[in-house]
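This report describes a protein chain together with its ligands. Please read it alongside the sequence and the structure shown below.

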Amino acid sequence: MDFNLTEEHLMIQQAARDFAQTELLPGVIERDEHSKFPTEQVKMMADLGFLGMVVDPKYGGAGLDSISYVLALTEIAKIDASAAVIMSVNNSLVCAGLQKYCNEEQKMKYLVPLAKGEVLGAFCLSEPEAGSDATSQKTTAIDKGDHYVLNGTKNWITNGSSASTYVVIAQTNVEKGHKGISAFIVEKGWAGFAIGPKEKKMGIRGSDTHSLLFTDVIVPKENRIGEEGFGFTFAMNVLNGGRIGIASQALGIATGAYELALNYAQQRKAFGKEIFKHQAIAFKLVDMATSIMAAKMLCLKAASEKDEGKDISQSGAMAKLYASQVAMDTTIEAVQIHGGNGYVAEYHVERMMRDAKITQIYEGTSEIQRIVISRTLVS
Ligand code: CAA
Ligand code: FAD
């Protein structure tokens, strides 16, 4: 592994850092307070090529590598974790899956506008009774000759109302269990497709999370991704890559909170000296810096293995498991270092602490990451 970043990597990182500082930072507290989707900022991210980063330019993407993606996403998440998840879902769960598994017609029709950021995508796996236990899909897609009829409910869908293109996982043959699950592309506005109310969340309040209801939705056969029965493998493979995105989001949240805490500790005085000079505070910052470095290495390792075409089920899950714990630990300590100021919105760290929690839950809880990793430890 060689993590000497290239000039291009550093330029992309700097571009993301500048964008986050100038465009995301000014309204981030207000968007959190009012659960407001960053519509204008997402358009700017599209113009910067951040919504289809690893997609081949012939399909409208930026044609970059996964290291660039980790670096850019981390910078976005340092300032605004909601913008980061919007970016992560579009890139890793939607564009990457379509690029790898769709046919040419599907790519031209759906991937190109998604990679250019002209429209947003959503990935719909979770259901009221199938979260961690993702093979227990209750949504059905029944074969009717030239089309399927889709019925069921999806829960907790990121970009739920802002998306136009939805990747939906559904059971096409109940008797075959997970081998009877298929994946489809569904468009917003199709008859029978309804979007439930927006969830009121603890964190990442700028991202829109909705349940989706499908009642006798007609899905043309040409909108199935891959063969019938391929849907669960598709979802698992897509999630292996997606977990690098959420790991980077967690790394960004941790880094943002650490930088604020380090700065605060050098300004704030107590008992006649800067609080950084109290060893108890300095040691907290040491632990933060060390674990952030380790999380960064895991993210870059997973990204570099992805670029090499290796199996990333282990490295992606390890990066997410570790980085999400680091995000939680770091943000809690960043609030502590800020004292009372840590508890109010204008110092940012309380929002970061609320935002950090979701990284241990979505794209597979920490318990599920341990299951995934444990299965890679023995053959
Ligand atoms: N990569 C590739 N394939 C995998 C895999 C992985 N990481 N994990 C499992 N599989 C395959 C298995 O090889 C198996 O295939 P075969 O039968 O063909 O060999 C099949 O999937 C079923 O695997 P298991 O028998 O292990 O199934 P299980 O029911 O015991 O466990 C699970 C499966 C790993 C727990 C899976 O259900 C899982 O990952 N659950 C978590 C779901 C999840 O991450 N949801 C995220 C939703 S998206 C989201 O959250 C977006 C967002 O926040 C922004
Ligand atoms: P459950 O599966 O009910 O788990 C409850 C608890 O039990 C957890 O602690 C879990 O780790 C534990 N548990 C379950 N099984 C085991 C086991 N075998 N061993 C040990 N512990 C276990 N889903 C999508 O498909 N698309 C999205 O875009 C999306 N975005 C989301 C955005 C937000 C804000 C949220 C909150 C969720 C989102 N999700 C999305 C859903 C998310 O992936 C699920 O919430 C997650 O996978 C957990 O499922 P669950 O909520 O049903 O919890």
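The sections that follow treat the basis of the model, the domains, the ligand surroundings, the core and selected residues.

## Basis of the model

The model is predicted, and local features are reported only at pLDDT of at least 70, side-chain atom pairs only at pLDDT 80 or more, while totals for chains, interfaces and linings use all residues. Residues are numbered from 1 along each chain as its sequence is written, and chains are lettered from A and ligands numbered from 1 in the order in which they are written.

## Domain organisation

The protein chain is divided into domain 1 (7-120), domain 2 (122-231) and domain 3 (239-377), with bounds taken from an automatic or database domain assignment. The C-alpha centres of domain 1 and domain 3 lie 21 Å apart. Between these two domains, 23 residues of domain 1 are in contact with 22 residues of domain 3; contact requires C-beta atoms, placed from the backbone, within 7 Å of each other. On the side of domain 1 that touches domain 3, α2, α4 and α5 each supply at least two residues, and α4 provides the largest share, 11 residues. Helices (H or I, at least four residues) and strands (E, at least two) are DSSP runs, numbered from the N terminus.

That side of domain 1 comprises 13 nonpolar, five polar and five charged residues. In this classification Ala, Val, Leu, Ile, Met, Phe, Trp, Tyr, Cys and Pro count as nonpolar, Asp, Glu, Lys and Arg as charged, and the others, Gly among them, as polar. An unreviewed UniProt entry carries the annotation "domain: Acyl-CoA dehydrogenase/oxidase C-terminal" for residues 231-377; UniProt positions are given in the numbering used here, feature names are shortened, and annotations may be inferred rather than shown by experiment. Over residues 231-377 the chain is 77% helix and 3% strand, and the end C-alpha atoms are 25 Å apart.

## Surroundings of the ligands

Ligand 1 is surrounded by 22 residues, of which the closest are A134, M236, S313, Y362 and G364. A residue belongs to such a shell if its C-beta atom, placed from the backbone, lies within 6 Å of the molecule. The elements giving two or more residues to the shell around ligand 1 are α5 (81-101), α7 (231-267) and α11, and α7 gives the most, with five residues. This shell divides into 12 nonpolar, nine polar and one charged residue, and draws at least three residues from each of domain 2 and domain 3.

Ligand 2 is likewise surrounded by 22 residues, the closest being S126, G131, S132, T365 and E367. Two or more residues of the shell around ligand 2 come from each of β1 (121-124), β3 (147-158) and α11 (366-377); β3 gives the most, with three residues. The shell around ligand 2 consists of 11 nonpolar, seven polar and four charged residues. Because domain 2 and domain 3 both give residues to this shell, ligand 2 lies between them.

## Core and enclosed helix

The largest nonpolar core has 118 residues, among which I76, C299 and A323 touch the most other members. Such a core is a set of buried Ala, Val, Leu, Ile, Met, Phe, Trp, Tyr and Cys residues joined through C-beta atoms within 7 Å. Helix α7 supplies the largest share of this core, 18 residues. Not counting residues up to four places away in sequence, I76 touches A16, A20, L24, A83, A84, M87 and G252.

Eight of the 10 residues of helix α10 (residues 349-358) are buried, so α10 is largely enclosed by the rest of the structure. A residue is buried if 20 or more other C-beta atoms lie within 10 Å of its own, exposed if 12 or fewer, and partly exposed in between, with C-beta atoms placed from the backbone. The buried residues of α10 pack against α2 (28-34), α5, α7 and α9 (313-337).

## Selected residues

Y69 is located in helix α4 (residues 66-79) and is buried, with 28 other C-beta atoms within 10 Å. Leaving aside neighbours within four places in sequence, Y69 is in contact with M53, V54, L64, N91 and A303.

Most residues other than glycine have a negative phi. I204, in the loop between β6 (193-198) and β7 (209-220), has a positive phi near 30°. F271, in the loop between β9 (269-270) and β10 (273-274), has a positive phi near 55°. I204 is buried, with 28 other C-beta atoms within 10 Å, whereas F271 is exposed, with 7 other C-beta atoms within 10 Å.
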